[in-house]
Amino acid sequence: DYTVRIFPSSTPFDALAYAHSHFDHTMIEQDAQVGLPLRHLEAMVAAGEIGELAPSVVSFMGYQPDSARVVDEMLPAILAIAEAEKVGAALLAPV
């Protein structure tokens, strides 16, 4: 699946599901912030440690065996979202 998805960075964790089957879900089921530390980042914003979060989280499947499709399809889509939201930096969460 080479599609790119977005969802609001304010989305509650109980509204998210982890469909990828290539990793053990035990830890992320105990604490969703293990894979996607949104609430920790919100606390850092509130403490003045970082500026602000982008309005959206970009999500995609991690197991992508066809690197040409990643380069030709996924990266342009991700960059378009980042440019539209005026993102200055990105945190890659490997889940």
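Here are some friendly notes on this predicted model, point by point.

1. **Overall layout.** Let's start with the whole chain. The protein holds 3 helices and 2 strands, and reading from the N terminus the order of these elements is β-α-α-β-α. Its C-alpha trace spans about 40 × 35 × 20 Å along the principal axes. Of the 95 residues, 22% count as buried.

2. **The largest pocket.** The volume of the largest pocket is about 1500 Å³, and 47 residues line it. To find its centre on screen, look for Leu-36, Val-57, Val-58, Ser-59 and Leu-91, the lining residues that lie nearest to that centre.

3. **What the lining is made of.** Two or more lining residues come from each of strand E1 (5–8), helix H2 (38–46), strand E2 (56–59) and helix H3 (67–84). Helix H3 gives the largest share, with 7 residues. Sorted by class, the lining of the largest pocket has 33 nonpolar, 10 polar and 4 charged residues.

4. A search of the whole structure turns up 3 salt bridges. One of them pairs the side chains of Asp-1 and Arg-5, with an N to O distance of 2.2 Å.

5. Another salt bridge links Arg-39 to Glu-42, whose closest N and O atoms are 2.8 Å apart. The two residues are 3 apart in helix H2, so about one helical turn separates them. Arg-39 has a relative accessible area of 24%, which makes this residue partly exposed. Glu-42 is also partly exposed, at 32% relative accessibility.

6. Arg-69 forms a salt bridge with Glu-73, and here the closest N and O atoms are 2.9 Å apart. Arg-69 is partly exposed, with a relative accessible area of 33%, and Glu-73 is partly exposed with 37%.

7. **Gln-33, a polar side chain in a loop.** This residue is worth a moment of your time. Gln-33 sits in the loop between helix H1 (26–30) and H2. Buried or exposed? Gln-33 counts as buried because its relative accessibility is 14%, and the cut-off for buried is under 20%.

8. His-25 lies in the loop between E1 and H1. With 16% relative accessibility, His-25 counts as buried, since buried means under 20% relative accessible area. For a sense of distance, the C-alpha atoms of His-25 and Gly-35 are 9.9 Å apart, and these residues are 10 apart along the chain.

9. **Lys-86, a backbone angle to check.** Please also take a look at Lys-86, in the segment after H3. Its phi is positive, about 55 degrees, although Lys-86 is not a glycine. As background, most residues other than glycine have a negative phi. Where does Lys-86 stand in terms of accessibility? Lys-86 is exposed, with a relative accessible area of 72%, and the cut-off for exposed is over 50%.

Definitions and conventions: Residues numbered from 1 in each chain as written. Predicted model: local features only at pLDDT ≥ 70, side-chain atom pairs only at ≥ 80, totals over all residues. Heavy atoms only, no water. 1 Å grid on protein atoms, 1.4 Å probe; cavity = no way out; pocket = protein on both sides within 12 Å on 5 of 7 lines; lining within 4 Å. Points joined across faces, edges and corners; volume = space filled by probe spheres on them. Helix = DSSP H or I, 4+ residues; strand = E, 2+ residues; numbered from the N terminus. Nonpolar A, V, L, I, M, F, W, Y, C, P; charged D, E, K, R; others polar. Salt bridge = Lys/Arg side-chain N within 4 Å of Asp/Glu carboxyl O. Buried < 20%, exposed > 50% of the residue type's maximum accessible area, 1.4 Å probe, protein only.
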